[in-house]
Amino acid sequence: MGGTDVTDGWDWRRGGETPAPARPPGAGVPSAGPPARPGSGYLPPAGPPPGASRPGVPYAAPASTAGGYGATGASPWWSDALGDPWRDPAAPAAVVVPGVVAAGAEPEPVVDPDAPGRPSLRHLLLIPVITALLAGTLGGALGYAFAVRGGAGGGTVLGAEPVEPPALAQRKPESLAGVAGRVLPSVVTVRVSSLGGTSEGSGFIASADGHVITNDHVVAGGSGKASVVFNDGSTAPATVIGQDPESDIAVIKVNRTGLRPVEFGDSDGLAVGDPVLAIGSPLSLANTVTAGIVSALDRTMQAGEPGGPVRYYAAIQTDAAVNHGNSGGPLVDGAGRVVGVNSTIKSLVAEGQEAGNIGLAFAIPINQAKRVTQDIIGTGKARRTVIGAQVGGPGAGAGGGVRLAAVEPSGPAADAGLKVGDVITKLNGRPMTEPTDLIALVRKFAPGSVVTVEFRRGADRQNTSVTLAADAK
């Protein structure tokens, strides 16, 4: 309403003072009347106050100076608290005096610094994104919890509680998986084209400058050109450096850097029962690893194709699965060192049929293969170790052995005192039963090696030491 208002604000006066009224009370209105109880909120009853009119004379309300009510501007309430005839003169009162506003001037707007501002477009976009992420995370966590605790699958929980994996499953470096992973990058597939088609076998990197060892029968009959497929599937052309048909070892060279050569072991240190791995590309299945043990040592072999050279070697026998295509691949020991070159297998198939693994595989000892490889790289051909005698057949009698049919003058056998007709029964403690045994065991050793020979001359048994030599070819 217009005029002054009763409040607890500015410019107040205590009761009992005699201020000038803001407006004089209306004519005929007494300056005082029945007091209201202080703080009671009591309002005087409607109608004229006592003594405000006489009978027959109507009561006139006080006029309002601020405009207001009715056609005459009279207000039903007094706007001046100090001039209220019903007010207790002893009660305190506070009066707000309105300030004077200049005509035509608007008050300066005041901005609340703590008032929230209008959100930007970035904020509007972040809100649904964050909400969606939170909802997705919560939903996934709840779904996983329900699935694990039986919420999915009708309450059935599959599997046992997780436990520490066994030692073999941790694939330690000395495990079979650790050994295979370390050797596989050094194993290759060898392909050689010939008039009869493409020959395929295996091989392994022997030097960082690209020399690869494989079998002679893998590259035999080829044009001297080959290709190599590495463990990662990449290929590179290769050239045949040299071959030794009698030992069944060939060396090819690939022009590539950054190659990882194998680690060579000691085939003379093997024992029957040692674990071994055969690695290669059997039946064109590259990077195949099979496991077995050393089944026998110094198993003398005589191999070769009809019309081809006869190969002799004292082989490492293993029951690791070896098939066509494994030829030339490495046989490695439990430490990942190459101890042999997989070469041949035994099979029960009939003539002309394709042989398969029956647990009888044979590898050239790596000490012999490494020596032949060094000869080929250095001179282009390999030396053949000989004893300087020829065998004519098995020896007669219960003692077994092989009979010498000829002895070369000034050869190793003659220098050791051996004669034609002597029966060699043992070479370095290894019993001789077939002529193949003596040839294969002699070629296992490097030229210049000294071996012990037990022989029988008539009824006498004697021993002698023979220094083996290289042949003159």
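A contact means heavy atoms within 4.5 Å. With that in hand, take the contacts in this protein between residues at least 6 apart in sequence: 59% of them join residues at least 24 apart.

A word on the source. This is a predicted model, where local features need pLDDT of at least 70, side-chain atom pairs count only at pLDDT 80 or more, and totals for chains, interfaces and linings use all residues. Residues are numbered from 1 along each chain as its sequence is written, and side-chain values use heavy atoms, with hydrogens and water left out.

Now the overall picture. The protein has six helices and 22 strands. Those are DSSP runs, numbered from the N terminus: helices are H or I with at least four residues, strands are E with at least two. There are 473 residues, and 35% are buried. Buried means under 20% relative accessible area, exposed means over 50%, and partly exposed is in between, with a 1.4 Å probe and protein chains only.

On to the barrel. Six strands close it, in the order β9-β10-β11-β14-β13-β12, with antiparallel pairing. Neighbouring strands of this sheet are turned by 50° against each other on average, direction ignored. Two strands pair if DSSP finds at least two bridges between them.

Look at β11, residues 311-318. How many of its eight residues are buried? Eight of them. In a regular strand the side chains alternate between the two faces of the sheet. In β11 both faces are covered. One side has Arg 311, Tyr 313, Ala 315 and Gln 317. The other has Tyr 312, Ala 314, Ile 316 and Thr 318.

Which strands sit beside β11? Strand β10, residues 288-303, is joined to β11 by seven bridges, antiparallel. There, Arg 299 stands opposite Ala 315, and Val 294 stands opposite Thr 318. Strand β14, residues 361-365, is joined to β11 by three bridges, also antiparallel. Thr 318 stands opposite Ala 361 in β14.

Next, two helices. Helix α6, residues 435-444, lies across β10 and β11, at about 120° to β10. Helix α2, residues 176-183, lies across β9, β10 and β12, at about 40° to β9. Axes are lines fitted to C-alpha atoms, for helices over the stretch in contact, and angles run from 0 to 180 degrees between N-to-C directions.

Last, helix α1, residues 121-148. Leu 126 lies in α1. Is Leu 126 buried or partly exposed? Leu 126 counts as partly exposed, because its relative accessibility is 42%.
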